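This briefing goes through selected features of one structure, grouped by topic. The model comes first, then the points to check against it.

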Amino acid sequence: MAPFETDRFVTSKRYDVTGCDIFRVTKHFFISKLGPYDNFAGGPGRKCLVVLLLMHVFGRVISWSLIESEHRVIRVASAIQNRLNRIRLRLARKGP
Amino acid sequence: MSFKTFYSLRSLLKHADAIIERCDTISIDLFDTLLIRRIHDPDMVKPAVARFIAMEAAALGLGELNWEDIQRVRDTVEAEQRADTATRFEDHEACYPVFMQRALSIIFKEKMAPEILDRVTDYELRLENAMLVARAAWFDWLGKAKDLGKRVLVVSDVYLPSSHLKRLVEAAGLLEYVTDVVSSADTFLAKASGKAYELLKERYGLDCSRWLHIGDNPISDGLRPEAMGIRALVLKDRQEKYRKTLAKLYCVFSKYRPYWHGRLLQQLMLPLEAENRSRPYLYVEGYNFFGFLMGFFTQGIVERVREAGIRKIFFFSREGWAFKKFWDQAAPYLLAGTLAPESHYLCVSRLALAGASCAYGGLPKEKADIAFLPPKNRDFRDFCRVFSLDIIPFLGLMDRYGITETLPVSPVHSMEGYVRFTNLLRDEDFQYEVKRQSRPANDALQLYLESVGFFDAPDVVLVDVGWMGTIQRFLYDAVAHREDKPRFHGLLFAASRGIPYPAREDDSIKGVVYDRAENDFAGSTMMYARDLFEEACRAPHPSVVGYAPTRKGFRIVFRRKADAYANAESRQDAYYFPLREGIFDAASRFGAAAAILGYRTVDLRPWLYHQLVSKIAFPKTREVKAIKHRYHMDDFGGIHKAPKAVLKSQQKHLWDQPLWVLRWPLVRLKYYLHKPRPV
């Protein structure tokens, strides 16, 4: 069967847009670095792209492994966040 | 007994299957259990409703209100009601009709009327409906429970009363399995405090030991029923968590990077659960690519309609058929009912209007030149065919200027013949004969336009696929003599402007997806594959070839259904059937998602360009193989061979290349960066 005759899903298993998925976005991000290319209002942004790429590819595994201990993970994450905020505040008060 | 937590709906229902015999009553939480939302945050519906209220207020003459102020009023009134409820009940619940009535009274003041609340409620429920999807696994399970004679109650802690919730459950197709729908908004007794369970027990005389409750909140759906001795199952769905996290990420990133706006909109458009079933390749392309493009175009029309306060839209046949169908499904989400303009499908074509447009203004050179744009039009016969003229009365005049029937008069074929032809155009007798012959078709056209109310509004939007605005130009010429002619606001899917459009104060064109006048480098990739878009949008009926007067008034003349053109078109229609199905299925989802996010075309443009560049300028070879149209008929062009020099100069573009060329490395980049776009 020719590839265009095969049946597909509009929403992929990774909850991505079939035919315009995150890999295609990434590919064009790299093409845009090669030469003059439309920058699409700033483009996807490196950090956003990495996070989304990771989430689309590994998000299922992450949610599978973390959901049972979600409350604990959130507690630990917010504790770390608070600690970081406090350090940042302290550094800001001290000045350069 | 302690409540059990499940991490997938399948495992929960498997367990529920095992214990269903021990239960008479099953109560199920509505949101995030029976139904899931496309959006990660239910409050995302509220700004859309506030924008709708602002539109209603504007339509009632209250001026342009800021939707954020309206949202603030709603939040304040809702918070006041919740605070008031808290003084009398344990739960801090609110009731939508009560607080919304109060909020609307504050906003609309003396102009407040009961139907405004109805309209706002309808809109909010329509948006909620569009964002809700029933989880597929429930249908079988609820059917089984119904067959076993179990009482199924749907329970929710929400501000919508049960009458509203029933509409949501019904739209999801679940109402037939359900005994009753109970909402905390009716009694202010909620699951959160456990009072809702007491109410249900009392109202239906339930036995807690034979009662099963299923929900997603560990407190209100787990601990509270468990405290009353009700068997409770809590769903913490991993799959849903993953999906919502992604939706949230797109939402967060789109706040910082405009590029993601369109992608977020597409995320909210995605079909879920049973909607997402196996489809043909072309359906998927229709939904994910063409659907988004058509949605963008529809959004552009909405913006023009709102800016200029236009009350009538005419979609030109035949591509307008698809645009109108898309519009009819998407626009109700994007425009308030009172602002929605009338939309009509207008049976027109270049060929039908070319002749009718000459009845009063004759045939100036600029207009006559249009007949020779296709290089396959060569002689005076081609010219007469394009402008629906009978050649016999012209023979004497032609002889006067040394023109024969077969002499090439197109500038592409012979400059000498073209000079003779332009001399003939200056002849008054020639112009008189053109006007005489064109008059009956023009009279029939006027009657047709009057029958569809074309002259009833001061401004009309004219929608067409593109590319040079020729149909609109001819239509304007055909009605230019009338004092009651409306102002023309032409909106083209893409404007190539191959020949300059004679823009006037009351007649303009604008390309929405692409306009050559605006120098969009990425958008210009559309010009690679114009025929592709024409074929994707074309109506499945023959083209209009003219207008004929009859005793009763007029008759629209369509091309015969049995000729070679029609056969080729019907084969193409059959090939593109799944593609069009995908486009139309995307329409209402685009409308709802665009209403929720409140984006304008300027917000969606970066993603649109990405889509265009990635699909049209950098397509995969198999995409070109599948998506490219099989047949494309142009009845404007003649049957003559174009001169070799012209054929040589006509550049082949990426989508015209054979598939083996597309497999060469960097061929796409070469075309994208170096080759000028066709016009």
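Helix α24 of chain B has a kink of about 50° at B:Tyr576, shortly before the proline B:Pro578. The bend at a residue is the angle between axes fitted to the seven residues ending there and the seven starting there. This is a predicted model, in which local features need pLDDT of at least 70 and side-chain atom pairs count only at pLDDT 80 or more, while totals for chains, interfaces and linings use all residues. Residues are numbered from 1 along each chain as its sequence is written, chains are lettered from A and ligands numbered from 1 in the order in which they are written, and side-chain values use heavy atoms, with hydrogens and water left out.

**Helix α24 of chain B**

- The helix covers residues 564-597, 34 residues in total; helices (H or I, at least four residues) and strands (E, at least two) are DSSP runs numbered from the N terminus.
- From first C-alpha to last, α24(B) reaches 47 Å, close to the 50 Å expected at 1.5 Å a residue; the expected span is 1.5 Å times one less than the number of residues.
- Just after α24(B), B:Gly598 has a positive phi of about 70°.

**Hairpin of chain B**

- Strands β15 (residues 544-549) and β16 (residues 554-558) of chain B pair in the antiparallel sense over five bridges; two strands count as paired if DSSP finds at least two bridges between them.
- Opposite B:Gly546 stands B:Val557 in β16(B).
- Four residues lie between the two strands of the hairpin, and B:Gly553 in the turn has a positive phi of about 155°.

**Salt bridges**

- Over all chains there are 53 salt bridges, each defined as a side-chain nitrogen of Lys or Arg within 4 Å of a carboxyl oxygen of Asp or Glu.
- One of them joins the side chains of B:Glu78 and B:Arg82 at 2.9 Å, N to O.
- Both B:Glu78 and B:Arg82 lie in helix α3 (residues 67-88) of chain B, four residues apart, about one turn of the helix.
- An α-helix has 3.6 residues a turn, so residues three or four places apart point the same way.

**Second largest pocket**

- The second largest pocket holds about 1100 Å³ of space.
- A pocket is an open set of points on a 1 Å grid over the protein atoms alone, with protein on both sides within 12 Å along at least five of seven lines; a cavity is a set where a 1.4 Å probe fits but cannot get out; lining residues have an atom within 4 Å of a point.
- Of the 39 residues lining this pocket, B:Asp32, B:His40, B:Pro42, B:Asp216 and B:Lys244 are the closest to its centre.
- Helix α11 (238-256) of chain B is among the elements that supply at least two lining residues, and α11(B) gives the most, with six.
- The lining has 13 nonpolar, five polar and 21 charged residues; Ala, Val, Leu, Ile, Met, Phe, Trp, Tyr, Cys and Pro count as nonpolar, Asp, Glu, Lys and Arg as charged, and the others, Gly among them, as polar.

**Cavities**

- There are two cavities of 30 Å³ or more; a volume is the space filled by probe spheres set on grid points, which are joined across faces, edges and corners.
- The largest cavity holds about 60 Å³, and its lining includes A:Thr11 and A:Tyr15 as well as B:Arg38 and B:Arg243.

**Backbone exceptions**

- Most residues other than glycine have a negative phi, and most peptide bonds are trans.
- The peptide bond between B:Ser317 and B:Arg318 is cis, with omega about 5°; B:Arg318 lies in the loop between β10 (312-316) and α14 (320-334) of chain B.
- Another cis peptide bond runs from B:Gly466 to B:Trp467, with omega near -5°.
- A:Ala41 has a positive phi near 50°, in the loop between α1 (22-34) and α2 (46-66) of chain A.
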